[in-house]
Amino acid sequence: MAGTVIMDYTQQRMIQRLTERGFETVSDLLAVEKRIVLKVNGEETLSASCSPGRLRGLIYGFLLSTGMIYTPDDVLSFSQNKRYVSVDIRHAEPPPIAPIRQPFVIPAKQLLITAEESKRRGRIFQRTGGTHSVAISTASRIMVFVEDISRTCALEKAVGEAFISQVDLSHAFVFLSSRIDEQMLARLARCGVPIIGCVSAPTAGAVELAERLGVCLCGFVRGQRLNVYSHPERITYE
């Protein structure tokens, strides 16, 4: 990420920091947040705080992961002003999430490599400690990497950018620098993602849903270790 982009995502402030010498006035860097409100077919559908930028990816990722669209062409119009982002879509009731059948398998080391690479790429987190990140990778390389103050918005931005770029999510895996809950698992499964890893723990609901939907869910992916909570046949040890 270029330095000018990082500046757009951060803000410098003078703060008081306690050290062994007492309080000192120092400069600190904070992550910037932006409030967005989404209208879908004229109805307010989403209100969220997120990092600036990659707004189209966020909107497309939200619409795809909630089952409102299936292809980019389902978005008929996209506009924004100071208050709203507005889209018109071909409206359809989201169907139930179908179990994932694709025989996608990766070696455990590839998930561990992606976790380490995500740490290196997280330049806003390195400077502020205030963001989450999501990486979407094929079996060989990271295709999309996103940082955001919101773990949900980071997921939606990454999914949306992959969707717009025509990344085949049924042959990709996702790594998150956070825990994963049932709602996040459901959104990724709806997009057809067969393998998900996170740096922290999954919830019990996420594991149960992953088992039902054919998703391999891994937690505590860090260093040289990980836990496999569902569908271990998708992970090989080499």
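Tutor: Start with terms. Helices (H or I, at least four residues) and strands (E, at least two) are DSSP runs, numbered from the N terminus. A pocket is found on a 1 Å grid over the protein atoms alone: an open set of points where a 1.4 Å probe fits, with protein on both sides within 12 Å along at least five of seven lines. Lining residues have an atom within 4 Å of a point. The model is predicted, so local features need pLDDT of at least 70 and side-chain atom pairs 80 or more, while totals for chains, interfaces and linings use all residues. Residues are numbered from 1 along each chain, and side-chain values use heavy atoms, without hydrogens or water.

Now the pocket. Its volume is about 250 Å³, taken as the space filled by probe spheres set on the points, which are joined across faces, edges and corners. The lining of this second largest pocket has 16 residues. Nearest its centre are Ser 118, Lys 119, Phe 125, Ser 133 and Ser 177.

Which elements each supply at least two residues of this lining? They are helix 3 (108-121), strand 8 (132-137) and strand 12. Helix 3 gives the largest share, 4 residues.

By class, the lining of the second largest pocket divides into 5 nonpolar, 7 polar and 4 charged residues. Here Ala, Val, Leu, Ile, Met, Phe, Trp, Tyr, Cys and Pro count as nonpolar, Asp, Glu, Lys and Arg as charged, and the others, Gly among them, as polar.
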